[in-house]
Structure formats: C-alpha cells, structure tokens
Amino acid sequence: MVSQQSHRKDEHLSLAEHFYSDNTNNFSGVRLIPTSLPKYGIKDIDISTKLEQINFKVPFYINAITGGSEQSQKINARIANIAKQTGLAMSVGSQSIAINDPDQVPSFTVVRDINPEGIVMANIGANHNAADAQKAVDMLHADILEVHINPTQELVMPEGDREFHFIENIKDMIVNVSVPVIVKEVGFGMSQQTMTELANLGVKTVDVSGSGGTNFAKIENFRRPNKDMDYLSAWGLSTIESLIEAAPINLEMNVIASGGVKTPLDIAKCFALGADLVGMSGQVLHLLLSNHDDQDVIDQINDWIYGLKAIMVLTNSKTISDLKKADKIFDSELLNFQNQRNSG
Ligand code: FNR
C-alpha cells in the first residue's frame, strides 16, 4: 500500500512538470550592461564561491525536489549521479516522511551512497523540532540543513498544516543543529520583514525561493477537491523582487536566490542583485523528466557553466564577487516595486 504521503510526493513531481510551462518569471525586467572590451578570457573566470565556510566549485546547485516514494528514490539517484559528475551541490526534498517511516529512508540515503564526497543538503519543515532536524542531517551525513517555511503551500494543501510554530523551532535549530542552517521558502519569496525577523533569530543564510517557477499554490490547488483556491496562483514575491527586498540586509546575511531560475542569464542576474548562491529545482526536474538519460542533463549543466562564464566575460567579472557589482538596469515595473518598497 502506498501511503498518502508517498502518493503526495509523486503528485508533486507530476504536477510540477504539468505546470512547468505555465510559469512566468520577471527575470527579463533586469538587464545587465555589457562591455565590448573584455578584460578576461573564459579560462580566467573563477566561478567558485563560499557560503558559511563551505566552498562551492559551481555557484548554482540542485535545490530540494524529492524523496519518500519509489519514483522519488529513482529521481534522487539520478540527481546524485548528475551532481557528482558536474560538481554541483544538491539538496533532497523534505525528510519528514523518512523520520516517520523508516521504510522511506533509502529514498534519501541513496544520494549519499552515490555521491559520498559531494555537498549534500538535508531538508526538513520548520514545523519540526531541532531533534528531528538533526536526525535529517545525520541520515545523510549532510553538510548543510535546509529548513523550509511554506505557509502558503500548507494552507492551500488539502491535508496541510493550519497552525505554524516556525519561530520557536528555527531558534532551536540554529542553536542545536550541528551544520549550517539555511531557512528557505518554497516558491513564494521573502519580504524584508521576514528576512529581518530571521536575522534577529540568528539565521545566517536564507533562500528567498521566489515565485515565477514551480508554483505550489497551483499544485496544491489542483489537489483540492473543488480546486477552489486558484485566486492565490499569483501569490508571493518573485525571486527578483525578493532580492530587491534583501538588498538592505544582505550585508548581515547570506542570500540564496531560487525560484524560476532556468538559464545562465537568470543565474548571473541573481548574482548581480546580490545573491551568494543560486538554486534550481523545477528546471532540473523538467530536464530529468523530459530527457532520456543523465548524460543529457550533465551536458546541459556543463553548457550552463560555460554560459555563466561567457556572461562574466561580457560584464568584465573575473569572480562571483565582481559579478555582484555588475551594472544593471530595471524595467519600469521593477523600478516601481523598488521605489514603493524603499520608501515604504
Ligand atoms: C519542491 N520544493 C521543495 N522545497 C523544500 O524545501 N522541500 C521540499 O520537500 C520540496 N519539494 C518540492 C517538490 C517538487 C516536485 C519541486 C519542483 C519543488 C521547492 C523547491 O526547492 C524550490 O524552493 C521551488 O520549487 C522554487 O524553485 P524552482 O522550482 O522554481 O526552481
């Protein structure tokens, strides 16, 4: 018998893919100013970056997707192989299901079996306590813990949580979990207020995970018997808007950008808006489900690495720190957003 939770994991995979091409982001509202006189060649470019003393060879990674069903075990095995071959860090989906049901542990630990040396992130919801969070880390010998805060998803999910105790749990995790903690959204973005509150709790890294890519309001609404919460399908702040929100506080916190990232140009724009690292879920899942083998996805990721270096050449950015200072302009919609929020 497939449990309700395992069934939900499979539905998330198929619905994320089902809504893949509906998703619209506003990365095109940012433009990077090019140089026609490059100072560096491709071989001079250094794309490595650091987050809380952890070195990343590649500054983008495969963000949380799955675990907790037979199908998700196969997908996690593929992600681990791809991460290993490309040097990308990776996360798993929420390990809550494996903490409650030991039969589901292998669908997560498969990533360590395949990728013993890579950077692996554990994942748990902020409705769990620090003891559960540490179990998730230990299960994978994880280097980092992602803690997701997903109130919109829970409230639209038919069987989701209706009350939230995130603040107490996050405080506890920051003090008691043995690895660096990232607090992440799941595709609805973060306001400056949320990020400031998290910084005050002692959180050192957030993943804004904005709207514009995988849309859990649509996915969970589709799972509702009457599909009656469609009015939240444009809820949240986009990734770019969240990075604008983060700008005044990102000297105190590391900021990861994810949500709707599909190309090296999107990745470069996130860095130009101050991100320290960039995550991708929906686009990688789309490649996994629409390409026949892992090698196609590995080739695509290697093309993205080349593409990011090309954009760095074209903005005279030798390093990711240089790219963060690249000149950029906003379209009138983003400028309007920025003006209203900064004067608010
Ligand atoms: C997710 N995401 C997610 N995040 C998380 O922290 N825990 C989880 O269990 C899941 N589960 C999950 C399942 C599937 C099928 C997808 C596609 C995504 C959210 C993910 O990590 C990310 O925050 C959002 O998907 C936004 O990024 P993209 O997909 O637009 O790149």
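This is a predicted model: local features need pLDDT of at least 70, side-chain atom pairs count only at pLDDT 80 or more; totals for chains, interfaces and linings use all residues.
Q: Let's start with the ligand: which residues come nearest to it?
A: There are 27 residues around the ligand, and of these His148, Gly213, Thr214, Ser281 and Gly282 come nearest.

Q: And which elements give two or more residues to that shell?
A: Those elements are α1, β7, which covers residues 144-148, and α12.

Q: How do the shell residues divide into nonpolar, polar and charged?
A: The shell around the ligand has 17 polar residues, together with 8 nonpolar and 2 charged ones.

Q: OK, how do the axes of α2 and α13 cross?
A: The two axes come within 10 Å and cross at roughly 40 degrees, which means that α2 is oblique to α13. As for handedness, α2 passes α13 in a right-handed crossing.

Q: Which residues make that contact between α2 and α13?
A: On the α2 side they are Arg78, Asn81, Ile82, Gln85 and Thr86, while α13 brings in Asp294, Val297, Ile298, Ile301 and Asn302. By class, this contact of α2 with α13 has 4 nonpolar, 4 polar and 2 charged residues.

Q: What about α1 and α2, at what angle do their axes cross?
A: The axes of α1 and α2 come within 8 Å and cross at roughly 55 degrees, so α1 is oblique to α2.

Q: Which residues meet there?
A: Lys9, Asp10 and Leu13 belong to α1, and they meet Gln71, Ser72 and Ile75 of α2. The contact of α1 with α2 divides into 2 nonpolar, 2 polar and 2 charged residues.

Q: Changing topic, where does Asp103 lie?
A: Asp103 lies in a loop, between α3 (96-100) and α4 (106-114).

Q: Is Asp103 buried or exposed?
A: Asp103 is exposed, because it has 11 other C-beta atoms within 10 Å, and a residue counts as exposed when that number is 12 or fewer.

Q: And how many residues apart are Asp103 and Thr24 in sequence?
A: Asp103 and Thr24 are 79 residues apart in sequence, and in space they are 38 Å apart, taken from C-alpha to C-alpha.

Conventions
Residues are numbered from 1 along each chain as its sequence is written. A residue is near a molecule or strand if its C-beta atom, placed from the backbone, lies within 6 Å of it. Helices (H or I, at least four residues) and strands (E, at least two) are DSSP runs, numbered from the N terminus. Ala, Val, Leu, Ile, Met, Phe, Trp, Tyr, Cys and Pro count as nonpolar, Asp, Glu, Lys and Arg as charged, and the others, Gly among them, as polar. Axes are lines fitted to C-alpha atoms, for helices over the stretch in contact, and angles run from 0 to 180 degrees between N-to-C directions. Angles under 35 degrees count as roughly parallel, over 145 as roughly antiparallel, 65 to 115 as roughly perpendicular and the rest as oblique. A crossing is left-handed if the near helix is turned anticlockwise from the far one by less than a right angle, and right-handed if clockwise. Two residues are in contact if their C-beta atoms, placed from the backbone, lie within 7 Å. A residue is buried if 20 or more other C-beta atoms lie within 10 Å of its own, exposed if 12 or fewer, and partly exposed in between; C-beta atoms are placed from the backbone.
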